[in-house]
Amino acid sequence: LAPQGWHVPTDSEWTNLENHLIANGYNYDGSTSGNKIGKAISSTTGWNTSSIVGTPGYSSNTNNSSELNMIPSGWRSINGMFYDENTSSGFWSSSSTGLTNAWYRVLFYDDFGLGRGWNTASKGDGFRIRMVRD
């Protein structure tokens, strides 16, 4: 899947990125504890509007201080239907949790943090992939 010299990040690598961003003040409120990095990693365009301060959908022109630029592309279900464009952005890890599931990360327009899950998405669902240089 990944070109030579690159790989799909593991669940642990995603966690390391989150911890790095939190520890270095990328939470929307500048704090260094708790997962409030959603705004810092979200693109400045495409998100539905939210009235909740600190979320990607609130004043989105101030998003993306980390320059990760995660766009709200939604996801594709195993049945081929597309969902949540402009409201969420999901990303696979390379870490399986069994035959049918894998760890993933997800952003929502009206939530502060980068979420983590495994049991609500099948490997047949379509999320985005971010590559990491080896």
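1. Strands E4 and E5. In this predicted model, E4 (residues 88–96) and E5 (residues 102–108) pair antiparallel, with six bridges between them. Gly90 sits opposite Val106 in E5. Trp92 has Tyr104 in E5 as its bridge partner. The two strands form a hairpin with five residues between them. Within that hairpin, Gly98 adopts a positive phi near 140°.

2. Cover over these strands. E4 is mostly covered, with seven of its nine residues buried. E5 is largely enclosed by the rest of the structure, because six of its seven residues are buried.

3. The other partner of E5. E5 also pairs with strand E6 (residues 115–117). The two run antiparallel and are joined by three bridges. Arg105 faces Arg116 in E6. This is again a hairpin, here with six residues between E5 and E6. When you look at side chains here, recall that they alternate between the two faces of the sheet in a regular strand.

4. The main core. Which residues make up the largest nonpolar core? There are 11: Trp14, Leu21, Ile22, Ile37, Ile41, Trp47, Leu68, Met70, Phe91, Leu107 and Leu114. Helix H1 (residues 11–23) supplies the largest share, three residues. In soluble globular proteins, nonpolar side chains tend to be buried together.

5. Ile37 in the core. Ile37 belongs to the largest nonpolar core. Beyond four places in sequence, Ile37 touches Glu18, Leu21, Ile22, Tyr26, Asn27, Phe112, Gly113 and Leu114. Of these contacts, Leu21, Ile22 and Leu114 are also members of the core.

6. Met70. Is Met70 buried or exposed? Its relative accessible area is 1%, under the 20% cut-off, so Met70 counts as buried. Met70 lies in a loop, between helix H2 (38–41) and strand E2 (75–76). Leaving out neighbours within four places in sequence, Met70 contacts Trp14, Ile41, Ser42, Ser43, Trp47, Phe91, Leu107 and Arg130. Trp14, Ile41, Trp47, Phe91 and Leu107 among these also belong to the largest nonpolar core. Ile52 is 18 residues from Met70 in sequence, and their C-alpha atoms are 19 Å apart in space.

7. Two backbone angles to check. Glu67 and Asn69 lie in the loop between H2 and E2. Glu67 is not a glycine, yet has a positive phi of about 65°. Asn69 is not a glycine either, and its phi is positive at about 55°. Glu67 has a relative accessible area of 66%, which is over 50%, so Glu67 is exposed. Asn69, at 39%, is partly exposed. Met70, in that loop as well, is buried.

8. The largest pocket. What is its volume? The value is about 160 Å³. Pro9, Glu13, Trp14, Leu17, Leu68, Met70, Arg130, Met131 and Val132 line this pocket. H1 gives the largest share of the lining, three residues. By class, seven lining residues are nonpolar, two are charged and none is polar. For the method in general, rolling a probe the size of a water molecule over the atoms shows where empty space is left.

9. His7 is in strand E1 (residues 6–7). With a relative accessible area of 22%, His7 is partly exposed. His7 and Arg133 are 126 residues apart along the chain, but their C-alpha atoms are separated by 6.5 Å. Not counting residues up to four places away in sequence, His7 touches Ala2, Glu13, Arg130, Met131, Val132, Arg133 and Asp134.

Terms used: Residues numbered from 1 in each chain as written. Predicted model: local features only at pLDDT ≥ 70, side-chain atom pairs only at ≥ 80, totals over all residues. Heavy atoms only, no water. Core = buried A, V, L, I, M, F, W, Y, C linked by side-chain atoms within 4.5 Å. Buried < 20%, exposed > 50% of the residue type's maximum accessible area, 1.4 Å probe, protein only. Helix = DSSP H or I, 4+ residues; strand = E, 2+ residues; numbered from the N terminus. Contact = heavy atoms within 4.5 Å. 1 Å grid on protein atoms, 1.4 Å probe; cavity = no way out; pocket = protein on both sides within 12 Å on 5 of 7 lines; lining within 4 Å. Points joined across faces, edges and corners; volume = space filled by probe spheres on them. Nonpolar A, V, L, I, M, F, W, Y, C, P; charged D, E, K, R; others polar. Pairing = 2+ DSSP bridges.
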